[in-house]
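User: Hello! I am new to this structure and would like to learn how to read its features step by step. Could you guide me?

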Amino acid sequence: MDKIAVVILNWNGVKLLEQFLPSVIQFSEGAAIYVADNDSTDNSVEFVNQNFPTVKIVKNSGNYGFAKGYNDALKHIDAEIYALVNSDIEVTENWLKPILENFENEKQTAIIQPKILDFKNKEYFEYAGAAGGFIDKYGFPFCRGRVFETIEKDNGQYNDNIELFWASGACFFIRKNVYHELGGFDESFFAHQEEIDLCWRASNEGHVIKYNSQSVVYHVGGATLQQGNPRKTYLNFRNSLLMLVKNLPKRGLFWVIFFRMVLDGIAGIRFLTQGKFGHTFAILKAHFSFYCLSLSYLKKRKDFQIQQYYMVKSIVFLYYIRKMTFFKEIFNSIQNIKN
């Protein structure tokens with residue numbers, strides 16, 4: 001068994017592999033490197049075999065998205081630690097060392113995220129993960145370094161190692177035994193928010209999720225599905241509701257989901273006033289899909305759910321009404337309430 005396997009999920013991404021795979025090979029000494037291919041129709045597999053013969057290929061039989069794509073591929077990979085890395089990630093020297101030390105020294109830690117900066121603007125954090133994730137009472141995710149559309153410059157303000165609620169799937173380290181005990185990602189999600197769901201389920205089982213700032217990677221973001229794509233809106237809104245059904249504490253389950261759907265409706269109206277009709281339709285479609293799937297997702301609930309899963313009651317209220325656009329402002333407001 002390998003100590004760590006770096007697994008890059010790919011679908012028709014030969015240009016990304018050509019650009020970013022060399023840094024992974026250069027700076028991942030001692031790791032086994034895999035490309036998990038989701039039945040690409042370009043020449044991705046041939047390109048890797050010809051140019052990077054040390055990289056192993058796992059072929060999936062279809063384009064199964066992020067969730068099932070990784071679930072199927074990881075059945076064929078034997079390593080103590082999985083490093084699930086997007087194909088548009090540039091890694092840096094010694095990026096694996098602090099992560100492995102973290103796992104070695106903290107046996108209760110099951111999942112770790114590195115510092116994720118923007119490949120296109122390397123002084124800033126990247127949207128998908130930044131310095132680690134949290135959610136509010138209604139399931140809206142936000143990060144240290146990124147709250148909705150506000151992205152912070154990296155001034156060393158998050159050069160720490162702390163516990164998180166969720167780690168970004170853009171660069172996601174997890175112990176193999178924990179991954180399989182939890183049943184991997186929820187395949188019905190296809191893509192988006194499956195890592196938050198997995199982290200929530202891990203927390204319900206008593207596992208710890210951490211952020212390690214000593215490991216740094218750069219992420220392009222949106223290389224496979226752009227941020228402004230209505231398909232992305234659909235998956236994010238639908239999957240967030242399904243995640244709440246699965247993982248919310250029983251007390252208040254109905255009301256939290258009800259208010260979340262009201263907030264979704266407001267978001268839909270906002271998109272409508274901006275002329276983004278595709279996004280409004282995507283939210284309506286997400287809700288219809290949620291209605292169809294909700295009963296089956298109630299059956300996925302476990303016997304125990306952690307009660308204090310959220311940092312703030314409503315990140316929407318703090319951001320749009322109280323104009324708290326930076327994580328530090330939000331955190332300080334929480335501390336003032338506690339004091």
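Analyst: Gladly! Let us begin with a term: helices and strands here are DSSP runs, a helix having at least four residues and a strand at least two. Please keep in mind that this is a predicted model. With that term in hand, the chain over residues 6–182 is 27% helix and 33% strand.

User: What feature does UniProt place at residues 6–182?

Analyst: The UniProt record, an unreviewed entry, lists "domain: Glycosyltransferase 2-like" there.

User: How do I read the sides of a helix, and which residues are buried in helix 2?

Analyst: The general idea first: an α-helix has 3.6 residues a turn, so residues three or four places apart point the same way. Now the case here. Helix 2 covers residues 44–51, and S44, V45, F47 and V48 are buried in it. These residues lie on the same side of helix 2 because they cover an arc of only 165 degrees around the axis.

User: What do the buried residues of helix 2 pack against?

Analyst: Their partners are strand 1 (2–10), helix 1 (14–27), strand 2 (32–37) and strand 3 (56–59).

User: Next, strands. How many residues lie between strand 6 and strand 7 in their hairpin?

Analyst: In a regular strand the side chains alternate between the two faces of the sheet. As for the hairpin, two residues sit between strand 6 and strand 7. Strand 6 (residues 109–118) and strand 7 (residues 121–125) run antiparallel and are joined by two bridges. Across the pair, D118 stands opposite N121 in strand 7.

User: Where is S213, and is it buried or exposed?

Analyst: S213 belongs to strand 14, which spans residues 208–219. Buried means a relative accessible area under 20%, and S213 has 11%, so it is buried. Apart from neighbours within four places in sequence, S213 is in contact with K115, Y158, N159, D160 and N161.

User: How many disulfides does a search of the whole structure find?

Analyst: To count as a disulfide, two cysteine sulfur atoms must lie within 2.5 Å of each other. The search of the whole structure finds zero.

How values were computed
Residues are numbered from 1 along each chain as its sequence is written. This is a predicted model: local features need pLDDT of at least 70, side-chain atom pairs count only at pLDDT 80 or more; totals for chains, interfaces and linings use all residues. Side-chain values use heavy atoms; hydrogens and water are left out. Two strands pair if DSSP finds at least two bridges between them. Buried means under 20% relative accessible area, exposed over 50%, partly exposed in between (1.4 Å probe, protein chains only). The arc is that of the directions from the helix axis to the C-beta atoms. Contact means heavy atoms within 4.5 Å. UniProt positions are given in the numbering used here, feature names are shortened, and annotations may be inferred rather than shown by experiment.
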